[in-house]
Amino acid sequence: MKIAFIGLGNMGGPMALNLVKAGHEVVGFDLAARPEGLTIAATGAEAAKGADVVITMLPNGAILRAVAAEVIPAMEKGAVLCDCSTVDVESARSVAAEAADAGLLALDAPVSGGIGGASAGTLTFMVGGTDEAFAKVKPLFDVMGQKAVHCGASGNGQAAKICNNMILGVTMIATCEAFALADKLGLDRQAMFDVVSTSSGYSWTMNAYCPAPGVGPKSPADNGYLPGFASELMLKDLGLSQMAAEAVDADTPMGERALELYRRFVEDEDGRGKDFSAMLPRFEKLSRNA
Ligand code: NAD
């Protein structure tokens with residue numbers, strides 16, 4: 001397939017290179033990044049011209065809207081605009097509507113799996129859009145990832161992503177505060193893990209990504225809390241989930257509290273640049289009303 005790939009950063013760069021490796025014809029564009037091994041166009045519109053699929057992997061919804069406004073007029077009717085960034089549901093739906101008005105197909109297909117998953121081609125795609133668009137891009141999802149779930153109409157991929165990450169943020173905080181409480185009660189961390197990981201408190205954050213160093217499978221906690229999944233990316237996703245909750249008047253008190261705690265961690269404490277599981281040393285240091 002002829003593919004344009006716009007946004008070649010930490011995630012987009014390796015994803016685009018995996019498509020090249022699989023034999024696709026890829027033309028990339030980025031304001032700054034120039035990954036080796038990719039043909040680069042002078043503008044996004046130039047990259048998009050004649051492409052069967054235009055993939056975007058950008059920082060946020062405002063940038064996605066601006067890039068979409070530039071590339072949609074350059075695309076051929078029937079081509080697919082597939083956004084893999086994590087953005088607000090509103091931007092995803094609005095860009096999809098603009099693409100449809102121009103005779104294009106559109107998908108929102110945010111990912112989980114991080115930079116490691118992008119390089120290894122093992123991402124999970126959560127996809128919103130029509131069956132026709134999903135079927136066209138599915139072979140590319142199969143190259144860049146190990147799983148693509150079609151979640152329904154446009155915006156539903158983003159909805160699935162922010163609901164998942166709201167659970168993840170809340171659960172990580174719960175796991176970290178429980179470890180910090182266990183410490184203060186004199187309970188050994190290994191014993192805590194052995195019990196919780198096989199009891200009703202188990203979760204992905206405890207069992208697969210344990211925030212306590214030296215306990216459970218290898219995780220960023222065993223690597224000085226280098227990300228992994230950075231706290232500021234968790235903060236971004238929790239912000240998107242609260243934005244969505246406000247838009248549809250959903251009561252999400254735990255998501256709201258998780259947003260406050262990650263905001264404090266990233267903006268006022270030393271959380272920026274650390275993995276989101278570094279909430280555990282944060283709780284370790286604090287007393288009850290600090
Ligand atoms: P990044 O900042 O490394 O890459 C974004 C790229 O977009 C940059 O290279 C930037 O130069 C480029 N860009 C910005 N504006 C542009 C424009 N107008 N035209 C062309 N290029 C432009 O970010 P990333 O880590 O690759 O993340 C990309 C998206 O993936 C984000 O939405 C993020 O939330 C999501 N995501 C990231 C991770 C992760 O672990 N990094 C995991 C899941 C999802």
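Reply: What follows goes through aromatic rings, a few strands and some backbone details.

Reply: This is a predicted model, in which local features need pLDDT of at least 70, side-chain atom pairs count only at pLDDT 80 or more, and totals for chains, interfaces and linings use all residues. Residues are numbered from 1 along each chain as its sequence is written, and side-chain values use heavy atoms, with hydrogens and water left out.

Me: OK, how many aromatic pairs does the structure hold?
Reply: There are five aromatic pairs, where rings of Phe, Tyr and Trp (its six-membered ring) pair if their centres lie within 6.5 Å, and planes under 30 degrees apart count as stacked, over 60 as edge-to-face and the rest as tilted. One of them is the tilted pair of Phe-125 and Phe-141, at 4.6 Å centre to centre with 35° between the planes.

Me: Which parts does that pair tie together?
Reply: Phe-125 lies in strand S8 (residues 123-129) and Phe-141 in helix H6 (residues 131-144), so the pair ties together parts that are 16 residues apart in sequence. Helices (H or I, at least four residues) and strands (E, at least two) are DSSP runs, numbered from the N terminus.

Me: And is Phe-125 buried or exposed?
Reply: Phe-125 counts as buried because its relative accessibility is 0%, and Phe-141 is buried at 0% as well. Buried means under 20% relative accessible area, exposed over 50%, and partly exposed in between (1.4 Å probe, protein chains only).

Me: What about Phe-229 and Phe-276?
Reply: Their ring centres are 5.5 Å apart and their planes stand at 80°, so this pair is edge-to-face. The pair links distant parts of the chain, with Phe-229 in the loop between helix H9 (204-207) and helix H10 (231-247) and Phe-276 in the loop between helix H11 (253-268) and helix H12 (279-285), 47 residues apart.

Me: What does Asn-165 touch?
Reply: Leaving aside residues up to four places away in sequence, Asn-165 touches Phe-229, Met-234, Asp-237 and Leu-238, where contact means heavy atoms within 4.5 Å. Asn-165 lies in helix H7 (residues 156-184) and is buried, with a relative accessible area of 3%.

Me: Switching topic, which strands pair with S1?
Reply: S1 pairs in the parallel sense with strand S2 (residues 25-29) over five bridges, and also in the parallel sense with strand S4 (residues 53-56) over four bridges. Two strands pair if DSSP finds at least two bridges between them. As examples of bridge partners, Ile-6 has Phe-29 in S2, while Ile-3 has Val-53 in S4.

Me: How covered is S1 itself?
Reply: Strand S1 (residues 2-6) is mostly covered, as four of its five residues are buried.

Me: Where else is phi positive?
Reply: Asp-249 has a positive phi of about 55° although it is not a glycine, and this residue lies in the loop between H10 and H11. Asp-249 counts as exposed, at 73% relative accessibility, whereas Tyr-225 is buried, with a relative accessible area of 10%.
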